[in-house]
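Open the model in your viewer and keep the selection tool ready. We will go from the whole chain to a single residue.

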Amino acid sequence: EQPNTTMASDMCVRRLTKELSALRKDPIKDPKITVAPNESNILEMHYVIEGSVGTPYEGGVYHGKLVFPKEYPLKPPGVIMITPSGRFQPNRRLCLSMSDFHPETWNPMWSVSTILTGLYSFMIESHTTLGSIDTSIKAKRKFAQQSLEYNVKCTPIFSKLFPEYLERHDREQAENRERSSSNTAMSSSASAAAAMPERTPQAMMATLAGLVAIFSIVIAMRFL
């Protein structure tokens, strides 16, 4: 299904369509970024950025959107990150040099790829701007661990536009359930073993003495 283009200019549609095609052929790999347009509005471009190894965002799956004006590429888009990250306020337009906060610094040669790589570069730095927040590294790592679960449960369009991440979420959930079930079984076995009375040497000697006594009585009775 083709996105609705009635609100966008012909130049805007051609440009965004060309950029999408280029990103599908040669996706951004470092960091890994996936892009998909809203099926009902090509001016709303959704993205997913995966946090890089060695950063507080490692393992995180950050969903957001670019909201383009119908005059794009002559005017810049709004830049929003939806997933809580500990770096930006969720669902808040961000004040960046390549966003609609600063049309005076916008360069029409910039693209979706340029905007998103620039966003991530700013994300892993510590500079502040309108829409950014200050949290600890520990908090950012916790947000990263919770990010995929948040996207699937709290943002329906995420699963619709990025089904590969929904499959990843379901697979990880199944693995976690299997791991939890295995741990529970091992814990039960350990508890049962701990509950068994310990056979001390004294108890074993007493049992042996009892068996010897019984055997002696049986032998004695045979000679009566």
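**Before you start**

This is a predicted model, in which local features need pLDDT of at least 70, side-chain atom pairs count only at pLDDT 80 or more, and totals for chains, interfaces and linings use all residues. Residues are numbered from 1 along each chain as its sequence is written, and side-chain values use heavy atoms, with hydrogens and water left out.

**Stop 1: the whole chain**

Follow the sequence and the pattern reads α-β-β-β-β-β-β-α-α-α-α-α.

Now switch to a surface. The chain exposes about 13,700 Å², and carbon and sulfur atoms supply 59% of that. Areas come from the Shrake-Rupley method with a 1.4 Å probe; for residues, only the protein chains shown count as cover. Of the 224 residues, 37% count as buried (under 20% relative accessible area, 1.4 Å probe, protein chains only).

**Stop 2: the sheet**

Go back to the cartoon and select the strands. They form an open sheet of six, in the order β1-β2-β3-β4-β5-β6, with antiparallel pairing. Two strands pair if DSSP finds at least two bridges between them.

Which strands are at the edges? Select 28-29 for β1 and 92-93 for β6; each pairs on one side only. Pick K29: its bridge partner in β2 is K32.

**Stop 3: two helices on the sheet**

Select residues 10-25. This is helix α1, which packs on the sheet and touches β1, β2 and β3 (41-50). Touching means contact, with heavy atoms within 4.5 Å. The direction of α1 makes about 25 degrees with that of β3. Axes are lines fitted to C-alpha atoms, for helices over the stretch in contact, and angles run from 0 to 180 degrees between N-to-C directions.

Next, select 112-123, helix α2. It lies across β1, β2, β3, β4 (61-67) and β5 (78-81), at about 40 degrees to β3.

**Stop 4: S85**

Zoom in on S85, in the loop between β5 and β6. Is S85 buried or exposed? S85 counts as buried because its relative accessibility is 1%.

Show its side chain. A polar atom there lies 3.1 Å from the backbone nitrogen of R87. The backbone nitrogen of F88 lies 3.2 Å from a polar atom of this S85 side chain. Finally, select Y57, Y62, M123, K140 and F143: S85 is in contact with these, leaving aside neighbours within four places in sequence.

Technical notes
Helix = DSSP H or I, 4+ residues; strand = E, 2+ residues; numbered from the N terminus. Buried < 20%, exposed > 50% of the residue type's maximum accessible area, 1.4 Å probe, protein only. Polar contact = N/O pair within 3.5 Å; in protein donor to acceptor, adjacent residues only side chain to side chain.
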